[in-house]
Amino acid sequence: MEGYMENAQGHFVPVDQVKPVDLVRHELVMEKVDKAKAMQEELAALKGEIMNDVEAFVSLSAEQYGVKIGGQKGNVSLVSYDGQYQIKRQISEHLDFDERLQAAKSLIDECLKDWTEGSPGELRAVVNDAFQVDKEGKINVGRILGLRRLQIMDERWKRAMEAISDSIRVTGTKAYFRIYERNANGKMAAIPLDIAAL
């Protein structure tokens with residue numbers, strides 16, 4: 001509404017009743033927010049450009065060997081000729097588990113019941129912790145997959161680990177790009193694009 005400003009409670013206040021310092025603060029915040037949003041759009045456009053150009057280059061490079069690559073496949077590092085700069089594309093898979101995870105948990109519980117009879121419950125606590133859900137009700141994929149690294153020869157445990165492997169589902173992938181520059185110490189350091197890292 002002309003001549004009014006909306007406050008944080010949703011009320012419209014006549015501009016002449018707003019303190020000058022509040023007006024100046026509002027103008028400062030809005031100016032910087034507008035610039036930040038414009039920069040965000042530029043960064044999104046840059047990310048899209050890098051993604052497309054890296055994908056095109058990987059395909060072009062593969063064609064030299066008579067290979068066609070469909071879609072983004074795996075991690076890639078591209079290094080400038082002088083070795084001063086590097087672009088890394090990393091593909092991250094989002095994993096989840098299906099109902100077979102419950103079968104694995106039942107088999108593991110059988111093992112734990114036998115193994116921990118008459119002994120402290122630390123092992124049970126460690127395994128049960130792996131199956132705990134977070135605030136969003138999701139199981140920690142890393143903890144569950146960490147159980148597979150344990151070299152336990154019990155056949156029930158082996159079947160449980162097989163059930164865990166079979167229950168893994170890829171629910172999505174995401175590409176990340178990082179750009180590096182060789183610093184004065186000769187090490188590659190990321191060029192920060194996060195405003196908090198500058």
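**An aromatic pair and an antiparallel sheet**

Trp 115 counts as partly exposed because its relative accessibility is 29%, where buried means under 20% relative accessible area, exposed over 50%, and partly exposed in between (1.4 Å probe, protein chains only). Trp 157, at 1% relative accessibility, therefore counts as buried. The structure is a predicted model in which local features need pLDDT of at least 70 and side-chain atom pairs count only at pLDDT 80 or more, while totals for chains, interfaces and linings use all residues. Residues are numbered from 1 along each chain as its sequence is written, and side-chain values use heavy atoms, with hydrogens and water left out.

A pair of aromatic rings is described by the distance of the centres and the angle of the planes. Rings of Phe, Tyr and Trp (its six-membered ring) pair if their centres lie within 6.5 Å; planes under 30 degrees apart count as stacked, over 60 as edge-to-face and the rest as tilted. By this rule the count is one aromatic pair. Trp 115 and Trp 157 form this tilted pair, with 5.8 Å from centre to centre and 40 degrees between the planes. The pair links distant parts of the chain, 42 residues apart, with Trp 115 in helix α2 (residues 100–115) and Trp 157 in helix α5. Helices (H or I, at least four residues) and strands (E, at least two) are DSSP runs, numbered from the N terminus.

Helix α5 (residues 155–167) lies across β4 and β5 (168–182), running at about 75 degrees to β5. For such angles, axes are lines fitted to C-alpha atoms, for helices over the stretch in contact (heavy atoms within 4.5 Å), and angles run from 0 to 180 degrees between N-to-C directions.

The sheet is open and consists of four strands in the order β3-β4-β5-β6, with antiparallel pairing. The edge strands, β3 (76–79) and β6 (188–190), each pair on one side only. Two strands pair if DSSP finds at least two bridges between them. Four bridges join β3 to β4 (residues 85–97), and Ser 77 has Lys 88 in β4 as its bridge partner. Between β4 and β5 there are 13 bridges; the partner of Leu 95 is Val 170 in β5. Three bridges join β5 to β6, where Arg 182 stands opposite Met 188.

Lys 88 also lies over the face of Tyr 180, at 5.4 Å from the ring centre. A charge sits over a ring if NZ of Lys or CZ of Arg is within 6 Å of the ring centre and within 35 degrees of the ring normal.
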